Every structure is written in structure tokens, then in C-alpha cells.
Amino acid sequence: MNIITTDGRGGQHGMTASAVCSISDTPASLMVCINKSARMHALVEANGVLCVNVLSAGQEPLSALFAGHAASADERFAQGSWSAMANGAAALSGALCTFGCRVTSIHEIGTHSMFVCAVEELRMREDGDGLVYFGRAYHRLPQTVTG
């Protein structure tokens with residue numbers, strides 16, 4: 001699971017997203033898909049930057065908070081510990097890794113837009129288990145699998 005954040009002239013906001021994918025390592029780039037009706041969509045377009053925070057196990061409450069529609073941006077960012085990436089977007093302390101990105105192109109596909117993003121900054125933890133969501137529940141994804 002991921003929390004996508006943005007900040008800039010359009011304002012600060014964040015949302016939970018599962019539709020994030022690596023495109024290339026040279027140049028380092030990611031794809032982030034956002035529903036066109038989501039408030040986040042217009043803000044990412046206006047700001048031109050985002051941060052992908054790859055969640056670690058135990059960050060389920062933040063994932064759920066950022067997935068909902070009731071909490072304001074201020075209420076969302078009041079939870080957890082945040083710092084700014086070089087591009088201004090919020091990086092979550094304790095995330096497995098954070099990618100500070102600049103949007104390079106936007107492709108509309110049905111109800112969503114695919115934001116192609118150049119990775120300009122990377123922060124990584126040395127250890128920690130991942131967090132996935134399937135079957136309507138969160139699950140811990142162990143860092144190492146023994147077999």
C-alpha cells in the first residue's frame with residue numbers, strides 16, 4: 001500500500017493508492033493512477049509533484065485514514081510523523097521507502113489518469129515488513145520469505 005502526497009501552489013493533500021508501478025530504472029520513473037473525480041487529481045496536476053510513501057506493516061491506521069473521504073488534509077497530516085521531500089511533498093517517517101517525484105506526463109484512461117513521474121529523490125529504510133491490502137483486509141508482507 002502507498003500514501004501519495006502532494007504540496008505546492010494547488011495545496012497539500014494525500015490519498016491511499018494501490019495503483020503505483022515502476023516503469024523504468026533508467027530514467028527512474030513511476031506510474032501513479034488517480035481517479036479523475038478525486039480531489040487529489042486536480043492538486044497533483046496543479047502542483048506537478050508528488051511523493052509515493054510505500055507503507056510498512058503497522059501503518060494500517062494511516063492507510064485507512066488517507067483512503068477515506070471524511071478527513072481534511074489537516075486532519076490527515078496531523079497523524080503520523082512527516083517531513084518534506086526536496087519537491088515539498090510530505091514524506092512519512094517509518095515508510096519502507098519514499099519517492100520524491102516530478103510529474104512528466106499525464107495520460108487519461110477512462111475514469112483515471114496515469115501520472116508518469118520522474119523519481120528525483122529516494123529515501124529507504126534498512127528493514128521492515130511491507131503492507132498489502134487484499135480480500136478486504138490488510139496483511140503483513142514479510143521482508144524475507146523462508147521456505
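Strand 2 supplies the largest share of the lining of the largest pocket, 5 residues. The model is predicted: local features need pLDDT of at least 70, side-chain atom pairs count only at pLDDT 80 or more, and totals for chains, interfaces and linings use all residues. Residues are numbered from 1 along each chain as its sequence is written, and side-chain values use heavy atoms, leaving out hydrogens and water.

**Largest pocket**
- About 420 Å³ of space lies in this pocket, the volume being that filled by probe spheres set on grid points joined across faces, edges and corners.
- A pocket is an open set of points on a 1 Å grid over the protein atoms alone, where a 1.4 Å probe fits, with protein on both sides within 12 Å along at least five of seven lines; lining residues have an atom within 4 Å of a point.
- Met15, Thr16, Phe66, Ala67 and His69 are the closest to the pocket centre among the 23 lining residues.
- Strand 2, strand 4, helix 1 and helix 2 each contribute at least two lining residues; helices (H or I, at least four residues) and strands (E, at least two) are DSSP runs, numbered from the N terminus.

**Ser63**
- Ser63 lies in helix 2 (residues 60-67).
- Not counting residues up to four places away in sequence, Ser63 touches Met1, Ile3, Thr16, Leu55 and Tyr138, where contact means heavy atoms within 4.5 Å.
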